[in-house]
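Subject: Structure handover and notes

Dear colleague,

Please find the structure below, followed by my notes on what was found in it. I would be grateful if you could read the two side by side.

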Amino acid sequence: MDTEGARTDRLGLLLEQFDKAREMAQVRLTGLGDEEYLWEPVPGCWSLRRRSEAATPRAFGPGEWVLDLGAADIPASEYAEVARQAAGGMTVAKIADDWSVGVERVEQILAHTGEPEPDTAPITTIAWRLGHLHHQFAGGWEWAFGERLQDPKLMIDFSPSAALTLERFWPVIDRWRASVGAVTEEQLDTVGFSQYPYGSDPDDPFIGVLSGANLEFIHHMAEIALLRDLWRARFTAGG
């Protein structure tokens, strides 16, 4: 592996990680068609649907097509994050507000000492995962580098066309990357540099926000890659 010229500073490491993940993701998304984009591998998936056909209580989007979102709760996979937020000094009320749940739900999780609850997060389609990333990175840019006015859930006009979605998606990702590339060391350590309204960004140093954004991009793109593999193998399972 050629490491000549590789950056070892904090921002450089995050940028190189993001750049590699973006390169791999674009290759893996080549040839995505509409049927595969909207494919639901099991009943009850979260996906992209016409507003009149929304299957979840908090589905959102500004246009005809909306992204599924269920009743507010904190999934078991995020219990450690809730504990981290509380240990870092966030009040129970603030945590509850960030997750759109009641204070009693947060207290229940913080007091939880038994076996971890099973993760009941829904299976989601490629369309859902791309839409999720799309509005998060658009909103992330708006609330860190933009005017900090637009609701992230209303910024993206979701489309059932895979080609159109990707045509709109990559410029949003590249705008985020370009702005992050110009962040200073002081800004990396600034708590509240991002005021993204859904989550703990206003209470975190920006370097933590950037690390979280990388993880979000990587894990959702890995899940999309797996869904593409399952799509390709769907008629050959069992021999």
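The expected span of a helix is taken as 1.5 Å times one less than its number of residues, and helices (H or I, at least four residues) and strands (E, at least two) are DSSP runs, numbered from the N terminus. On that basis the 19 residues of helix 6 should span 27 Å, and the end C-alpha atoms of helix 6 are 27 Å apart, which agrees. Of these 19 residues, 18 are buried, so helix 6 is largely enclosed by the rest of the structure; buried means under 20% relative accessible area, exposed over 50%, and partly exposed in between, with a 1.4 Å probe and protein chains only.

Before the remaining findings, please note that this is a predicted model, in which local features need pLDDT of at least 70 and side-chain atom pairs count only at pLDDT 80 or more, while totals for chains, interfaces and linings use all residues. Residues are numbered from 1 along each chain as its sequence is written, and side-chain values use heavy atoms, with hydrogens and water left out.

Cavities and a pocket

The search used a 1 Å grid over the protein atoms alone, where a cavity is a set of points at which a 1.4 Å probe fits but cannot get out, a pocket is an open set with protein on both sides within 12 Å along at least five of seven lines, and lining residues have an atom within 4 Å of a point. Grid points are joined across faces, edges and corners, and a volume is the space filled by probe spheres set on the points.

Over the whole structure, 2 cavities of 30 Å³ or more were found. The largest cavity has a volume of about 70 Å³, and its lining takes two or more residues from each of helix 1, helix 7 and helix 9. Helix 1 gives the largest share of that lining, 4 residues, and the lining as a whole divides into 7 nonpolar, 1 polar and 1 charged. Here Ala, Val, Leu, Ile, Met, Phe, Trp, Tyr, Cys and Pro count as nonpolar, Asp, Glu, Lys and Arg as charged, and the others, Gly among them, as polar.

The second largest cavity holds about 50 Å³, and its lining includes Tyr37, His134 and Arg168. Helix 6 gives the most to this lining, with 3 residues, and the lining divides into 4 nonpolar, 4 polar and 2 charged residues.

The second largest pocket has about 180 Å³ of space, and helix 1 (10-28) and helix 9 (206-233) each supply at least two residues of its lining. Helix 1 again gives the most, with 6 residues.

Individual residues

Asp98 lies in helix 4 (residues 92-99) and is buried, with a relative accessible area of 12%. A polar contact (a pair of N or O atoms within 3.5 Å; within protein, one must be able to donate a hydrogen and the other to accept it, and residues adjacent in sequence count only if both atoms are side-chain atoms) of 2.8 Å joins the side chains of Asp98 and Lys94.

Arg148, in the loop between helix 6 (126-144) and helix 7, has a positive phi near 60 degrees although it is a residue other than glycine.

Kind regards
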